[in-house]
Amino acid sequence: MLKGDGIYGFGAHLQGNLVGIAHYLFHRTVWMGDDCYLQDLFVDEACRGHGVARALIERVAQTARERNASRLYWQTRHDNTKARMLYDKVAHHRGFIRYDYPLG
């Protein structure tokens, strides 16, 4: 756990070098049990396309199952085409669009 605040993380290593990270958290929902939100997924550009991101997603999914989460979900930009190619293989796009209300 990072800083003891309910945010968790995994790292992917290749030959002793950190090549990818995933940060995730669990949160309550109104309609289902707790959800797992994959907040951050990053893979070193030189290592993309070699299964690192998929392995990190699968590791977070395993943890979500162990915690009996209702679902695992994440967001990405519509123009993040390379990542979306993987996401379309491992998950379902449900058509949601996100809006950010400015609080400042």
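This is a predicted model: local features need pLDDT of at least 70, side-chain atom pairs count only at pLDDT 80 or more; totals for chains, interfaces and linings use all residues.
Four strands make up an open sheet with mixed pairing, and their order is E1-E2-E3-E4. The edges are taken by strand E1 (7-14) and strand E4 (71-73); each has a single partner strand, so one side of each lacks a neighbour in the sheet. From one strand to the next, the twist averages 25 degrees. In general, the strands of a sheet pair through backbone hydrogen bonds, in either a parallel or an antiparallel arrangement. Strand E2 (residues 17-27) and strand E3 (residues 35-43) are joined in the antiparallel sense, over eight bridges. Within this part of the sheet, tyrosine 24 has leucine 38 in E3 as its bridge partner.

Helix H1 (residues 52-66) packs on the sheet and touches E1, E2, E3 and E4. The direction of helix H1 makes about 160 degrees with that of E3. Threonine 63 lies in helix H1. Its relative accessibility is 11%, and threonine 63 therefore counts as buried, the cut-off being under 20%. Leaving aside residues up to four places away in sequence, threonine 63 touches Phe10, Tyr24 and Phe26.

Aspartate 34 is located in the loop between E2 and E3. With 30% relative accessibility, aspartate 34 counts as partly exposed, because this class lies between the buried limit of 20% and the exposed limit of 50%. When residues up to four places away in sequence are not counted, the contacts of aspartate 34 are His27, Arg28, Ala69, Ser70 and Arg71. Aspartate 34 and threonine 81 are 47 residues apart along the chain, and their C-alpha atoms are separated by 29 Å.

Note on methods. Residues are numbered from 1 along each chain as its sequence is written. Side-chain values use heavy atoms; hydrogens and water are left out. Two strands pair if DSSP finds at least two bridges between them. Helices (H or I, at least four residues) and strands (E, at least two) are DSSP runs, numbered from the N terminus. Axes are lines fitted to C-alpha atoms, for helices over the stretch in contact, and angles run from 0 to 180 degrees between N-to-C directions. Contact means heavy atoms within 4.5 Å. Buried means under 20% relative accessible area, exposed over 50%, partly exposed in between (1.4 Å probe, protein chains only).
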